[in-house]
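Biologist: I am new to this one. Please put it on screen, and then I will ask my questions.

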Amino acid sequence: MNDLKKQIDELFEDKKMSVYDAAKKLGVREYDILQHRGEEEFKAVGKEHLDKILEEVSTWGEMLFIKNTPEFIIEIKVNVAMPKKAHGFLNFSGKSGFLGGHLKEDAIAKIGFASTKFMGLLGRSLHFYDSENNIIFKLYVSRDDKMKLNEVQEQKFLALKNSF
């Protein structure tokens, strides 16, 4: 067993361990942790599937957009419309409540399907990675007021993951 995997497995003996915390403790990227957690928790696919994934996600309704920075974890509830391609960018736009912005079309190298626990709750999310396995942003399946995952989105997430 490789040494990193052994260290990861030891950290996750603590049921409250998060991927983010494990990455910080070991001085590696979240991707490095997730790739050792097994396909039930994480599956990565290549950028050639980006259009299919974004097209599917655009039908899911409101999701949680997360962007981590060293100082600030930004969380915004948004709908994700299918972006338009122009001048080397994916242009996200829509009326109020939709994700907006411009992402370099060639920035995403892979997309990860993550099913991990945070603060004891299972979450399901899509992670968009650059060529060095840094997270560009994440989209999480939404929760209701009782913190229960949106069942329709969860089923769509699993079906999309299993289609690869």
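Biologist: Which residue follows H2, and what is its phi near?

Modeller: This is a predicted model, with local features taken at pLDDT of at least 70, side-chain pairs at 80 or more, and totals for chains, interfaces and linings from all residues. Numbering runs from 1 along each chain, and side-chain values use heavy atoms, without hydrogens or water. H2 is a helix spanning 19-26, where a helix is a DSSP run (H or I, at least four residues; strands E, at least two). After H2 comes Gly-27, with a positive phi near 70 degrees.

Biologist: Why do the buried residues of H2 line one face of the helix?

Modeller: Val-19, Ala-22 and Ala-23 are the buried residues of H2 (under 20% relative accessible area; exposed is over 50%). The face turned away from them carries exposed Lys-24 and Lys-25. Viewed down the H2 axis, the buried residues line one face because they fall within an arc of 100 degrees (directions from the axis to the C-beta atoms).

Biologist: How much space lies in the largest pocket?

Modeller: A pocket is an open set of 1 Å grid points where a 1.4 Å probe fits, with protein on both sides within 12 Å along at least five of seven lines; lining residues have an atom within 4 Å of a point. Here 29 residues line the largest pocket, and those closest to its centre are Leu-64, Ile-66, Glu-75, Phe-118 and Tyr-140. E2 gives the largest share of the lining, four residues. The space is about 760 Å³.

Biologist: What is the volume of the second largest pocket?

Modeller: Its lining has 18 residues, with Tyr-20, Lys-24, Glu-30, Asn-68 and Ile-135 closest to the centre. H2, H3, E2 and E9 each supply at least two lining residues. Volume is the space filled by probe spheres set on the points; for this pocket it is about 340 Å³.

Note on methods
Buried means under 20% relative accessible area, exposed over 50%, partly exposed in between (1.4 Å probe, protein chains only).
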